[in-house]
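Please look over the structure below before reading on. The notes that follow take up the ligand site and then the arrangement of the domains.

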Amino acid sequence: MINLISDTVTKPTPGMLEAMFAAEVGDDVFREDPTVNTLEAKAAALFGHEAGLFCPSGTMTNQIALKVHTRPLDEVICDEMSHIFQYEVGGYAFHSGIGVNLIHGENGIVRPEQVAAAVKPRYDWLPISRLVVLENTCNKGGGSFYDLDTIRAVRDVCREKEMALHLDGARIFNALVETGNAPSEIGPLFDSISICLSKGLGAPVGSLLLGSKTFIAEARRVRKAMGGGMRQAGYLAAAGIYALDHQVERLREDHAHARALAQALESLSWVAGIRPVMTNIVIFDLVKPLDAASMLAYLAANGVKASAFGPHTIRLVTHLDVNTDMIEKAISVLQKYPH
Ligand SMILES: *Cc1c(COP(=O)(O)O)cnc(C)c1O
C-alpha cells in the first residue's frame with residue numbers, strides 16, 4: 001500500500017527506534033524524565049522561547065494554548081480553515097468557554113488588515129478579542145505558508161490591540177524549509193507555538209508547546225487537568241529529539257514528491273482544479289459528477305490510499321514513508337483512472 005492519507009501515518013525509522021530504546025527515562029509528572037526535559041529545552045532554544053511542554057497531541061497543545069491565553073466569554077480570531085476551528089471537536093468552547101471570530105483568508109492565510117478589522121471594540125455585550133491564531137502551514141489550505149513580513153504585521157496588530165498571538169505550527173518545519181527562515185527568526189514573533197513531531201518529522205507520537213516560563217508553568221497545570229501528564233514519556237521524547245536532529249531537511253523530498261503528483265494531475269482531463277501546492281499537501285477537485293468516494297475506492301483497489309476532502313475533493317499527503325518509486329507508481333495509477 002502507498003499510504004497518502006496523511007503524514008501522520010509514518011513509522012519510526014531504524015535510527016529513531018534505536019534512539020527510543022536507548023532513552024534514559026523517569027517520571028515526567030515529577031519532571032524527572034531527563035529525555036523529556038532535554039527535548040523541551042532543545043525545542044524552546046531552537047525557536048527562541050523560554051520553555052517547552054511535551055504533550056500527546058497537537059490538539060492538546062493548541063487547546064492548552066487557547067485555555068491559558070483566554071478567559072470564558074473571550075474569542076479567538078482565526079481563519080475559517082483553521083484546525084482549531086475545523087478539527088478539534090469544538091474544543092475551544094468545551095475547554096475554554098470562548099467563541100471564534102472567523103476570517104475568510106486565502107487558502108487559510110490571513111492578511112494583517114483582516115485581523116485588524118476583525119478585532120471587536122470593548123463593549124459589555126461583545127466577546128473580547130483576546131487571541132489570534134495563525135496556522136503555518138495550513139492543512140485545509142493545501143499546505144500554504146506565511147512569509148515573515150505578514151507574520152510581523154499580524155504581530156504588530158496583536159500588540160496594538162493587546163491580543164496574544166499563537167502559532168499552530170503542526171507543520172512549521174515544512175514552511176521553514178521552503179521560506180529558508182530559521183526557527184529563531186519566526187519563533188519570537190509568537191507568544192506561544194505548537195509543533196507536531198508526529199507529522200512530517202516522523203515521530204510516532206507527540207507535540208510540543210513553547211512559550212514563556214510563566215505561560216508554560218500554567219500550561220503544565222492545564223495539561224495535567226486534561227489528563228496529559230505522562231510518566232516515562234522519554235521513550236517518545238527520544239523520537240522527537242531524533243526527528244529534530246535528523247528528519248527536518250528531508251521534508252524537501254516530500255515537497256518535491258507533492259509537486260510531482262500535482263504536475264501529473266494537471267494533465268488529467270477529469271481533474272477540475274488543484275489548490276496551489278506549496279509544501280507536502282495536494283488537494284484537487286474532480287470534474288462533476290465524479291465523486292470522491294468512487295475515486296478513493298479505485299485508488300485503494302490499486303494500492304493507493306488517499307482521503308476525501310469534500311464530496312468531489314481528494315487530498316494526498318507525502319511523507320517519510322513514501323519514496324520516489326512509490327510516487328511514480330501512484331502517478332501511474334492516477335493516469336490509468338477509467339473515467
Ligand atoms: C495535525 C494537526 C494538528 C494536531 O493534530 P493531532 O492529531 O491532535 O496531533 C493541529 N493543527 C494542524 C494544522 C494539524 O494539521
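**Ligand site and domain interface**

In this predicted model, a backbone N or O atom of G58 lies 2.8 Å from an oxygen atom of the ligand. Taken alone, the ligand exposes 380 Å², and the protein buries 84% of that area.

**Around the ligand**

- There are 13 residues around the ligand, and of these G58, T59, D168, R171 and K199 come nearest.
- The side chain of D168 places an N or O atom 2.7 Å from a nitrogen atom of the ligand, whereas K199 has a polar side-chain atom 2.9 Å from an oxygen atom of the ligand.

**Domain layout**

- The domain assignment of the chain gives two stretches, with domain 1 covering 14–246 and domain 2 covering 250–335.
- The centres of domain 1 and domain 2, taken over C-alpha atoms, are separated by 28 Å, and the contact draws 18 residues from domain 1 and 15 residues from domain 2.

**Interface between the domains**

- Between them, domain 1 and domain 2 bury about 1500 Å², of which 54% is on carbon and sulfur atoms.
- On the side of domain 1, G142, N174 and V177 together supply 30% of the area that this domain buries against domain 2, which is more than any other three residues.
- Sorted by class, the side of domain 1 that touches domain 2 comprises six nonpolar, nine polar and three charged residues.

Notes
Residues numbered from 1 in each chain as written. Predicted model: local features only at pLDDT ≥ 70, side-chain atom pairs only at ≥ 80, totals over all residues. Heavy atoms only, no water. Domains from an automatic or database assignment. Contact = heavy atoms within 4.5 Å. Buried area = accessible area lost by both parts, 1.4 Å probe. Nonpolar A, V, L, I, M, F, W, Y, C, P; charged D, E, K, R; others polar. Near = heavy atom within 4 Å. Polar contact = N/O pair within 3.5 Å; in protein donor to acceptor, adjacent residues only side chain to side chain. Areas by Shrake-Rupley, 256 points an atom, 1.4 Å probe, with all protein chains shown as cover.
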